[in-house]
Amino acid sequence: MRKDIFTIPNMLSYLRIALIPVFVVLFCNAYSHNGVGYHIAAVAVLLFSGLTDMLDGKIARKFNQITELGKIVDPLADYLTQFAVVVCLAIEYWPLIPVIALLVIKEISMAVLGVVFLRKGKKLSGAQWYGKVTTVVFYAVMVVLLAVPHTIMSFECSTILIIISGAWMLFSFIMYVHQYALMWRELKAERANKPQ
């Protein structure tokens with residue numbers, strides 16, 4: 001059990017969580033002091049966090065280090081990072097407010113559905129391609145919004161980028177709900193075929 005806690009993929013997930021307050025402090029300093037150095041550092045932290053997110057899954061699969069704890073910590077690190085970034089940027093980009101609402105609804109729904117199905121002995125087989133694409137699009141859009149100050153980027157351009165990220169998030173949410181709906185049908189079919 002102790003071995004499972006300290007696998008390399010899990011350590012990378014812990015690192016991502018630890019980087020969240022670092023990012024928030026750098027972001028706040030970038031805007032309160034109008035410091036380019038803080039701005040660049042905030043972008044660098046977010047890029048590094050995104051890199052560790054890609055690496056932990058690959059390492060887990062390649063070296064057979066997939067653990068039950070990792071299946072919880074990895075998405076938790078993703079959610080907390082995304083939430084922190086989107087809340088910080090919403091200070092400057094108000095169109096991100098609906099994305100925050102969607103992110104909260106999506107993650108709470110996924111957590112509830114996950115627990116419900118886990119109790120019934122069913123679970124999703126890991127991250128799907130649309131979930132991965134959504135994460136990549138999210139990080140790409142957030143990095144652009146961070147790297148290019150709102151004084152340079154037009155409101156229309158930033159809004160289009162936010163809509164693209166939000167659309168992928170919504171699509172991913174719908175697809176995951178569809179997966180759970182299929183699992184529910186499987187459960188009903190299993191119950192119907194069970195001998196009385």
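Visitor: Leaving aside its neighbours within four places in sequence, which residues is F23 in contact with?

Guide: This is a predicted model, to begin with. In it, F23 is in contact with A42, V45, L46, A84, V85, C88 and L146, leaving aside neighbours within four places in sequence.

Visitor: Where is F23, and is it buried or exposed?

Guide: F23 sits in helix 2. It is buried, with a relative accessible area of 4%.

Visitor: How far apart in space are F23 and K62?

Guide: They are 30 Å apart, C-alpha to C-alpha. Along the sequence, 39 residues separate F23 and K62.

Visitor: Let me step back. How many helices and strands does the chain have?

Guide: The protein chain has seven helices and zero strands. From the N terminus on, the order reads α-α-α-α-α-α-α.

Visitor: What does the C-alpha trace span?

Guide: About 70 × 40 × 20 Å along its principal axes.

Visitor: And how much of the chain counts as buried?

Guide: Of its 196 residues, 41% count as buried.

Visitor: What about contacts between residues at least 6 apart in sequence: what share join residues at least 24 apart?

Guide: That share is 78%.

Visitor: Now the helices. At what angle do helix 2 and helix 4 pack?

Guide: The angle is about 10°, and the axes lie 8 Å apart. Helix 2 covers residues 8-32, and helix 4 covers residues 68-90. Angles under 35 degrees count as roughly parallel, so helix 2 is roughly parallel to helix 4.

Visitor: Which residues make that contact?

Guide: From helix 2, they include N10, Y14, I20, F23 and F27. From helix 4, they include L69, V73, A77, V85 and L89.

Visitor: How many of the contact residues are nonpolar, polar or charged?

Guide: The contact of helix 2 with helix 4 has 14 nonpolar, four polar and three charged residues.

Visitor: Stay with helix 4. Which of its residues are buried?

Guide: Among them are G70, V73, D78, Q82, V85, C88 and A90. The buried residues of helix 4 pack against helix 2, helix 3, helix 5 and helix 6.

Visitor: Take V85. Is it buried or exposed?

Guide: V85 is buried, with a relative accessible area of 1%. Leaving aside neighbours within four places in sequence, V85 is in contact with F23, L46, F138 and M142.

Visitor: How far are the C-alpha atoms of V85 and I20 from each other?

Guide: They are separated by 8.4 Å. Along the chain, V85 and I20 are 65 residues apart.

Visitor: F23 and L46 came up there. What about the largest nonpolar core: how many residues does it have?

Guide: It has 32 residues. Those with the most contacts inside it are F23, L46, L89, L96, M142 and L145.

Visitor: Which helices each supply at least two residues of this core?

Guide: Helix 2, helix 3, helix 4, helix 5, helix 6 and helix 7 do. The largest share, eight residues, comes from helix 6.

Visitor: Which residues lie in another core, apart from that one?

Guide: That other core has eight residues, among them M110, F117, L124 and Y130.

Visitor: Back to L46. What is L46 in contact with, leaving aside its neighbours within four places in sequence?

Guide: L46 is in contact with F23, T81, V85, Y139, M142, V143 and L146.

Visitor: And S49, where does S49 lie?

Guide: S49 lies in helix 3. It is buried, with a relative accessible area of 2%. Apart from neighbours within four places in sequence, S49 is in contact with R16, L19, T81 and Y139.

Visitor: On to helix 5. How far apart are its end C-alpha atoms?

Guide: They are 34 Å apart. At 1.5 Å a residue, the 23 residues of helix 5 should span 33 Å, so the two values agree.

Visitor: What do the buried residues of helix 5 pack against?

Guide: They pack against helix 4 and helix 7. The buried residues of helix 5 include V99, L103, K106, E107 and F117.

Visitor: Last one. Where does T134 lie?

Guide: T134 lies in helix 6. It is buried, with a relative accessible area of 7%. Leaving aside neighbours within four places in sequence, T134 is in contact with W168, M169 and S172.

Methods:
Residues are numbered from 1 along each chain as its sequence is written. This is a predicted model: local features need pLDDT of at least 70, side-chain atom pairs count only at pLDDT 80 or more; totals for chains, interfaces and linings use all residues. Side-chain values use heavy atoms; hydrogens and water are left out. Axes are lines fitted to C-alpha atoms, for helices over the stretch in contact, and angles run from 0 to 180 degrees between N-to-C directions. Helices (H or I, at least four residues) and strands (E, at least two) are DSSP runs, numbered from the N terminus. Angles under 35 degrees count as roughly parallel, over 145 as roughly antiparallel, 65 to 115 as roughly perpendicular and the rest as oblique. Contact means heavy atoms within 4.5 Å. Ala, Val, Leu, Ile, Met, Phe, Trp, Tyr, Cys and Pro count as nonpolar, Asp, Glu, Lys and Arg as charged, and the others, Gly among them, as polar. A nonpolar core is a set of buried Ala, Val, Leu, Ile, Met, Phe, Trp, Tyr and Cys residues joined through side-chain atoms within 4.5 Å. Buried means under 20% relative accessible area, exposed over 50%, partly exposed in between (1.4 Å probe, protein chains only). The expected span of a helix is 1.5 Å times one less than its number of residues.
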